[in-house]
Amino acid sequence: MTSRDTRKTTLVGTILEEEVVLSLGEVCRASRLSAERVIELAEEGVIEPIGRNPASWRFRGVSLRRIRCAQRLEQDLGLNTAGVALVLDLLEELEELRTRLGRIEA
Amino acid sequence: MRYKDYYAVMGVDRDATQDEIKRAYRKLARKYHPDVSKEPDAEARFKELGEAYEVLKDPEKRAAYDGLGTKWQAGQDFRPPPDWNEGFEFHGGGFTRGAPQDFSDFFDTLFGRGATGGPFTRTSGRAFHARGEDTYAKILIDLEDAYSGKTRTVTLEHTEVGPDGRPAVTQRTLNVRIPKGVRQGQHIRLAGQGSPGIGKGERGDLYLEVEFRPHRYYRVEGNDVFIDLPVAPWEAALGGTVKVRTPSGYVDLTIPPNSSSGRKLRLKDRGIPAKQPGDLFVVLNVALPKADTDAKKAAYADFAQAFEFNPRADVGM
């Protein structure tokens, strides 16, 4: 096991869900997908762009997480993009309900 | 090295058809997929499943595996027969999901690391310069860290392909300033701290998923924080001021007279200091002192006499 110590500097991060806004190009680079594929994901509702046309689209940071999850679910479970969009929405709802349930049981 | 019973992992008979294997895989994958499953060992099970399916779905690999015979038991010490690999020509299975570096030594020895595609095709291989992969890790922080924007030391372990082409575990320590107002489930993005790129490609990004360490007194829901505050019956009835510890320090809380258990007192904007700050809710919980001496029993009896109180009036009893 090798060890790399970068303790000298303090890294300052940003909160993906709140502060990060990405263009179509940035989403493609970060997720390593083609623009066509990212547009398809947007059309099926896996991610929600803000703006009228792809050139001016902006995505919230949480989109990267949804894309990553979508890619895995498609490959591993043989789902199509529309199915993945549904699964992601249901998972979010489930998460919300679990949180509420946790509060009631606490 | 231990023998792996891929048929047992997938829960199918040795004479299962390819269709049955595929169905079994889909079913178990839905059950153990780490994105979907809440099973505690989901990730390990899913990896094991991916490895088993990688072999059994491919008639070539499956035949080779079957060729080892049925005398092996799962977990038994295993050495491949000397004539292993002769006469078999493996084609890449096209299986892109489970990362091959996650497969077991058993798989490695039989099929090699390159069995899922050439040895260097781990990252699409489309260009000689490619951006490094984004990496993900979880960090456990204290709720107070999200209030104060403290710097935390994080040690990450991850697998990188070493110069010899084999994956090696690398450990690195980072100093990360926790962004003020971060919430459970959110991700801290550290640009350029992911896997190194290939050639001139830039490094990927590192994402840290935030999880709050469970706390005895605090409960978090979205931006809001809840505290259960035990109060004495007389504090609840007469009101008063109580010193309360909150994630941002002590506050003097005024309890209104005639409060009862479960009453929520809101301290506006004292929740998680996100862009839209949450509120802090103090939930009163009336604690009753034990009547364990004669004097205390007498006090309770006086109490009962002073009030003609039916606690069950509301429920019609």
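Residues are numbered from 1 along each chain as its sequence is written, and chains are lettered from A in the order in which they are written. In this predicted model, local features need pLDDT of at least 70 and side-chain atom pairs count only at pLDDT 80 or more, while totals for chains, interfaces and linings use all residues.

Trainee: How many residues of chain B are in contact with chain A?
Mentor: Two residues are in contact if their C-beta atoms, placed from the backbone, lie within 7 Å. On the chain A side 34 residues take part, and on the chain B side the number is 35.

Trainee: Which element supplies the largest share of the side of chain A that touches chain B?
Mentor: Helices (H or I, at least four residues) and strands (E, at least two) are DSSP runs, numbered from the N terminus. Several elements each supply at least two residues, including helix H4 (62-77) and helix H5 (81-105) of chain A. The largest share, ten residues, comes from S1(A).

Trainee: In what order do the four strands of the open sheet stand?
Mentor: Two strands pair if DSSP finds at least two bridges between them. S2(A) is joined to S4(B) by two bridges, running antiparallel, whereas S1(B) and S5(B) run parallel and share seven bridges. With mixed pairing, the order is S2(A)-S4(B)-S5(B)-S1(B).

Trainee: Which residue is the bridge partner of Thr14(A) in S4(B)?
Mentor: Strand S2 (14-15) of chain A is an edge strand, pairing on one side only. In S4(B), which covers residues 187-190, the partner of Thr14(A) is Arg189(B).
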